[in-house]
Amino acid sequence: MKRNCMIIAFALAATLGYAQEKKGEVSSFYEKNTVLNYNDGNNAAGEIQQPTKFDPNFHIYLCIGQSNMEGNARIEPQDREGLNTRFKMMAAVDFKNTGREMGKWYVAVPPLCRENTGLTPADYFGRTMVEKSPEKVSIGVINVAIGGCSIDLFDEDKAAAYIAKSADWLQNFCKAYGDNPYRRLIDMAKKAQEAGVIKGILLHQGCTDNGQRDWPDRVKLVYERILADLGLEAERCPLYVGELMSQQDNGICSLHNSVIASMPLVIPTAHVVPSLGCAGNFDRLHFTAEGYRELGRRYAEIVLRTEKATDAMYGKQKVKKNKKK
């Protein structure tokens, strides 16, 4: 049975189990989460000098998904300390309270997605990548994620109709991206290609599409369109898909992990990032801050291992600046 996990989570406090879909309760869940888990949006500028030329050692990763990639756990002091300036983020929206401007690079001080979002796997993915990469390598992330969305929101052919029939709160999230999150991602990524090389795509999404067996095919469509729009080769830009909270960790959407497991069969350049043991929040949908830290490290470990194997197989090719289309 298909379940909208955001709705299930709202019912969880009363039932402590799986629940039927009930229209209208997703909004209430998100309103509560905004108060309980999200960051206040302060202290996030991290201003740096903008890149003026292309650097093949600036490795950039696109991060997409729903609330877990958006960032759900409250940001803690340790998450804003000890940041290496080699880890950068490009703002995909304007951060009006903290002065970040869309399309500009900043030191990756969280939040990385939007103001009033929380810690995301991208935070400790980037930290770990910097720690384990040569000094000459810098890491950049671009995070475009919308809490509560289906993968269909990133299908440009379906997005307008999907937004139109969505709840007001999701429509408001989409407004920050000009009502087209996919196109915003592509626009930011093309700008990023002027400064560095896009090396991979990190996806964490599935609660809203929990258990839907055609999900890998819909993800494939989005992935292949990103590659085509940015002039990228799949072998040089793999897809990394994070599991939802596991069944062993009492995750309420763990059914979808069996769907995620099939991703490499549908997309040969897809890799699954395991979530087993990553601490989960009370709602059994989202991870705690420590859970996001661990999940981010796991993304990095798999990316580093994959890139090492790719270089061994294909050799390190000279990367040239992508031409604007």
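Modeller: Start with pairing: two strands pair if DSSP finds at least two bridges between them. Strands here are DSSP runs of E with at least two residues, helices are runs of H or I with at least four, and both are numbered from the N terminus. This is a predicted model, in which local features need pLDDT of at least 70 and side-chain atom pairs pLDDT 80 or more, while totals for chains, interfaces and linings use all residues. Residues are numbered from 1 along each chain as its sequence is written, and side-chain values use heavy atoms, with hydrogens and water left out.

Biologist: How many helices and strands does the chain have?

Modeller: Eleven helices and seven strands.

Biologist: In what order do the strands form the sheet?

Modeller: First the general idea. Strands of a sheet pair through backbone hydrogen bonds, either parallel or antiparallel. Here seven strands make an open, mixed sheet, ordered β3-β2-β4-β1-β5-β6-β7. β3 (105-107) and β7 (270-273) are the edges; each has a single partner strand, so one side of each lacks a neighbour in the sheet. On average, neighbouring strands are turned by 30 degrees against each other, direction ignored. Such angles come from axes, which are lines fitted to C-alpha atoms (for helices, over the stretch in contact); they run from 0 to 180 degrees between N-to-C directions.

Biologist: Which bridges link β1 to β4 and β5?

Modeller: β1 pairs with β4 (residues 138-145) in the parallel sense over eight bridges. G65 has A145 as its bridge partner in β4. With β5 (residues 197-204), β1 is again parallel, over seven bridges. There, C63 has L202 as its partner.

Biologist: Is β1 buried or exposed?

Modeller: Buried means under 20% relative accessible area, exposed over 50%, partly exposed in between (1.4 Å probe, protein chains only). In β1 (residues 58-65), eight of eight residues are buried. F58, I60, L62 and I64 point one way, and H59, Y61, C63 and G65 the other. Over the whole chain of 325 residues, 58% count as buried.

Biologist: How do I read a helix such as α6?

Modeller: An α-helix has 3.6 residues a turn, so residues three or four places apart point the same way. In α6 (residues 168-175), the buried residues include W169, L170, F173 and C174. Seen down the axis, the buried residues fall within an arc of 140 degrees (taken from the directions from axis to C-beta atoms), so they line one face. The face turned away carries exposed D168 and K175.

Biologist: Where does α7 cross α8?

Modeller: Their axes come within 10 Å and cross at roughly 35 degrees; α8 covers residues 215-230. The crossing is right-handed, meaning that the near helix is turned clockwise from the far one by less than a right angle. Contact means heavy atoms within 4.5 Å. Among the residues that meet are L185 and I186 in α7, and V222 and I226 in α8.

Biologist: Which residues touch the most other members of the largest nonpolar core?

Modeller: A nonpolar core is a set of buried Ala, Val, Leu, Ile, Met, Phe, Trp, Tyr and Cys residues joined through side-chain atoms within 4.5 Å. In this core of 92 residues, they are L62, F125, I142, W215, I226 and L239. Beyond its neighbours within four places in sequence, F125 contacts residues including Y61, V141, L202 and Y299.

Biologist: Where is N84?

Modeller: N84 lies in the loop between α3 (67-70) and β2. At 34% relative accessibility, N84 counts as partly exposed. Leaving aside neighbours within four places in sequence, N84 contacts V107 and V130.
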